[in-house]
Amino acid sequence: MAFTLSIGDSAPDFQLKGTDGRLYGLGDFREAKTLVVFFTCNHCPYVIGSDEVTRQTAEKYIPHGVAFVGINSNSVNTNADDSYEKMVERMNEHRFPWTYLHDETQEIAKAYGGLRTPHFYVFDESRKLVYTGRGVDSPRDTSKMTINDLDNALGDIVAGRPVAVPLTNPIGCNVKWEGQDKHWMPADACDLV
């Protein structure tokens with residue numbers, strides 16, 4: 001089995017605490033026609049560099065029944081800025097239009113096979129994976145961006161078309177795994193394309 005989910009795989013369920021203090025699972029997003037789950041964090045320059053483009057994409061597609069869920073799985077022992085308290089501060093400051101969840105045990109990052117921050121997974125109404133990979137091709141500096149793969153995938157879905165490019169490689173910092181060097185990746189983690 002590949003480290004990360006493959007196209008057609010079902011979305012793994014979760015029970016994670018949001019920055020609003022509530023617990024969330026897949027069932028809390030059952031009304032969404034499309035669900036975007038993405039691994040993100042507080043400190044990564046690729047996340048910080050592309051958050052406003054992700055916001056614009058979210059605001060464009062939320063009216064079309066798309067829900068966005070960000071998950072921070074980074075070890076707080078690797079980077080203290082990725083603590084739950086800092087997540088709450090970041091959401092209070094930026095008011096992002098997504099639910100922001102804390103995967104303290106990293107079990108959900110393992111279940112999905114989160115490779116980098118950010119790493120996007122788009123699920124259809126039956127919660128089958130139809131797109132995974134990067135949001136944009138230059139997340140650290142979106143002024144150099146030439147393609148928004150997430151926007152393209154969601155545009156295809158909303159138009160009722162199959163996703164033209166369902167697989168791209170995520171671009172960003174690796175997930176910070178507990179007890180490992182900050183650059184460590186699981187042995188079976190590899191490029192998606």
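Trainee: Are tyrosine 112 and phenylalanine 123 buried or exposed?
Mentor: Both tyrosine 112 and phenylalanine 123 are buried (under 20% relative accessible area, 1.4 Å probe, protein chains only). This is a predicted model, where local features need pLDDT of at least 70 and side-chain atom pairs 80 or more, while totals for chains, interfaces and linings use all residues. Residues are numbered from 1 along each chain as its sequence is written, and side-chain values use heavy atoms, without hydrogens or water.

Trainee: How many aromatic pairs does the structure hold?
Mentor: There are nine (Phe, Tyr or six-membered Trp ring centres within 6.5 Å; planes under 30 degrees apart are stacked, over 60 edge-to-face, the rest tilted). One of them joins phenylalanine 38 and tryptophan 98 edge-to-face, at 5.2 Å centre to centre and 85° between the planes.

Trainee: Nice! Where do those two sit in the chain?
Mentor: They are 60 residues apart, so to speak linking distant parts: phenylalanine 38 belongs to strand E3 (34-40), and tryptophan 98 to the loop between helix H2 (84-94) and strand E5 (99-102). Helices (H or I, at least four residues) and strands (E, at least two) are DSSP runs, numbered from the N terminus.

Trainee: And what is their relative accessible area?
Mentor: Phenylalanine 38 has 1% and is buried; tryptophan 98, at 7%, is buried too.

Trainee: Back to tyrosine 112 and phenylalanine 123: what is their geometry?
Mentor: They pair edge-to-face, with 6.0 Å between centres and 80° between planes. Tyrosine 112 is in helix H3 (107-112) and phenylalanine 123 in strand E7 (119-123), so this pair ties together parts 11 residues apart in sequence.

Trainee: Which residues form an aromatic cluster?
Mentor: Phe38, Phe96, Trp98 and Phe120 make up one cluster.

Methods. Buried < 20%, exposed > 50% of the residue type's maximum accessible area, 1.4 Å probe, protein only.
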